[in-house]
Amino acid sequence: MASVDAEHVSVDFPLYHGSARSLKRAMFAAASGGRIGKDAHKRVVVQGLRDVSFHLGAGDRLGLVGSNGAGKTTLLRTLAGIYEPVRGRIRVQGSLNALLDPNLGMNPDLTGRENISLRGLFAGLGRAAIRRLEDDVRDFADLDEFMDLPVRTYSSGMVVRLGFALATAIHPEVLLMDEWFLAGDAGFMEKARTRLETLVRSAEILVLSSHIKDVVTRWCTRVIWLDKGRIMEDGAPDEVLGHYLAASEAHGDEKADAKPEHAALAGKALAQPAPRDEAALTSVDRGDRR
Ligand SMILES: Nc1ncnc2c1ncn2[C@@H]1O[C@H](COP(=O)(O)OP(=O)(O)O)[C@@H](O)[C@H]1O
Ligand SMILES: [Mg+2]
């Protein structure tokens with residue numbers, strides 16, 4: 001069974017002393033929500049996460065909310081193993097897929113078909129499964145004859161569709177999704193919704209960062225509010241969102257659900273995960289990384 005454990009996790013981004021540029025960056029980071037501190041070697045750092053702990057088991061759908069710079073993306077990247085905590089530890093049991101950047105891992109000099117095969121090989125799929133993946137992605141992304149042309153010849157719409165289709169082709173047990181991933185135009189998101197819902201429903205654990213109140217209330221069973229890298233509140237979606245929205249209104253922050261194009265995604269509640277019909281990836285325990 002899948003699980004995610006974060007124990008007293010802290011992540012720092014060092015800023016290098018002595019240059020005007022680092023000062024500028026420090027000011028920028030402070031303005032954008034991070035907290036400036038010093039590490040054990042007295043170096044100036046932006047504290048991206050501070051002492052973050054939580055446990056997730058099968059069926060948990062966690063929403064991360066917080067203003068810009070609060071640490072949501074940093075937490076997702078740390079769970080994905082991209083950043084290493086300076087203190088504490090992360091343990092993830094189960095196959096993991098991180099939807100953090102729609103274009104991640106696409107090579108513009110390769111054809112659509114080659115990009116798809118590479119992704120399949122990377123996920124450990126066999127030849128027949130890769131062939132199915134090709135059909136699936138080609139149909140979703142409307143590539144037709146472009147399948148065998150380099151991705152750099154694609155229209156921007158085709159690139160977005162291919163990136164999305166590829167990223168959502170592998171169904172993991174632990175699914176991480178950053179809010180960038182949900183930002184598409186309304187027409188595309190309408191098409192993407194079913195695919196995304198299938199993916200989310202088949203995952204045992206979801207961790208989603210989102211500014212959109214409706215997405216969080218409908219998709220998540222629990223919400224963590226991050227502020228300056230710390231957990232402000234962890235609990236039921238309605239309660240935590242209520243407190244977060246009240247606080248951000250008091251600060252005059254941007255409205256939490258200002259983007260109408262995201263409404264397409266908020267249409268339908270996703271209840272408990274459906275039983276997995278097939279395990280796309282074998283279970284991987286990344287174990288302790290410290
Ligand atoms: N690679 C990085 N280098 C330096 N600082 C970073 C880096 N990534 C994030 N930060 C800082 O960490 C803090 C948290 O950022 P982030 O996790 O992106 O917030 P959110 O996703 O909630 O908007 C911010 O102050 C940001 O400037
Ligand atoms: Mg972010």
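This is a predicted model: local features need pLDDT of at least 70, side-chain atom pairs count only at pLDDT 80 or more; totals for chains, interfaces and linings use all residues.
## A tour of the sheet and its helices

E4 and E9 pair in the parallel sense, over 4 bridges.

**Stop 1: strand E4.** Select residues 61-65, which form E4. On the E9 side, look for Val-65, whose bridge partner there is Trp-225. Now turn to strand E8, residues 205-209, which runs parallel to E4 and is joined to it by 4 bridges. Two pairs can be picked out here: Arg-61 stands opposite Leu-206 of E8, and Gly-63 stands opposite Leu-208 of E8.

Is E4 covered on one face or on both? Both faces are covered, with Arg-61, Gly-63 and Val-65 buried on one side and Leu-62 and Leu-64 buried on the other. In total, 5 of the 5 residues of E4 are buried. In a regular strand, side chains alternate between the two faces of the sheet.

Stop 2

**Stop 2: helix H3.** Move to residues 112-122 and colour Gly-112, Asn-115, Ile-116, Arg-119 and Gly-120, the buried residues of H3. Viewed down the axis of H3, these buried residues fall within an arc of 135°, so they line one face of the helix. Which exposed residues does the face turned away from the buried side of H3 carry? They are Leu-121 and Phe-122. Just after H3, check Gly-124, which takes a positive phi of about 80°.

**Stop 3: helices H4 and H5.** The cover over the buried residues of H3 includes helix H4 (127-141) and helix H5 (156-167). Select both. H4 and H5 pack at an angle of about 140°, their axes 9 Å apart, and H4 passes H5 in a right-handed crossing. To see the contact, show Val-137, Phe-140 and Ala-141 of H4 together with Met-158, Arg-161, Leu-162, Ala-165 and Leu-166 of H5. By class, this contact of H4 with H5 has 7 nonpolar residues, no polar ones and 1 charged.

How values were computed. Residues are numbered from 1 along each chain as its sequence is written. Chains are lettered from A and ligands numbered from 1 in the order in which they are written. Two strands pair if DSSP finds at least two bridges between them. A residue is buried if 20 or more other C-beta atoms lie within 10 Å of its own, exposed if 12 or fewer, and partly exposed in between; C-beta atoms are placed from the backbone. The arc is that of the directions from the helix axis to the C-beta atoms. Two residues are in contact if their C-beta atoms, placed from the backbone, lie within 7 Å. Axes are lines fitted to C-alpha atoms, for helices over the stretch in contact, and angles run from 0 to 180 degrees between N-to-C directions. A crossing is left-handed if the near helix is turned anticlockwise from the far one by less than a right angle, and right-handed if clockwise. Ala, Val, Leu, Ile, Met, Phe, Trp, Tyr, Cys and Pro count as nonpolar, Asp, Glu, Lys and Arg as charged, and the others, Gly among them, as polar.
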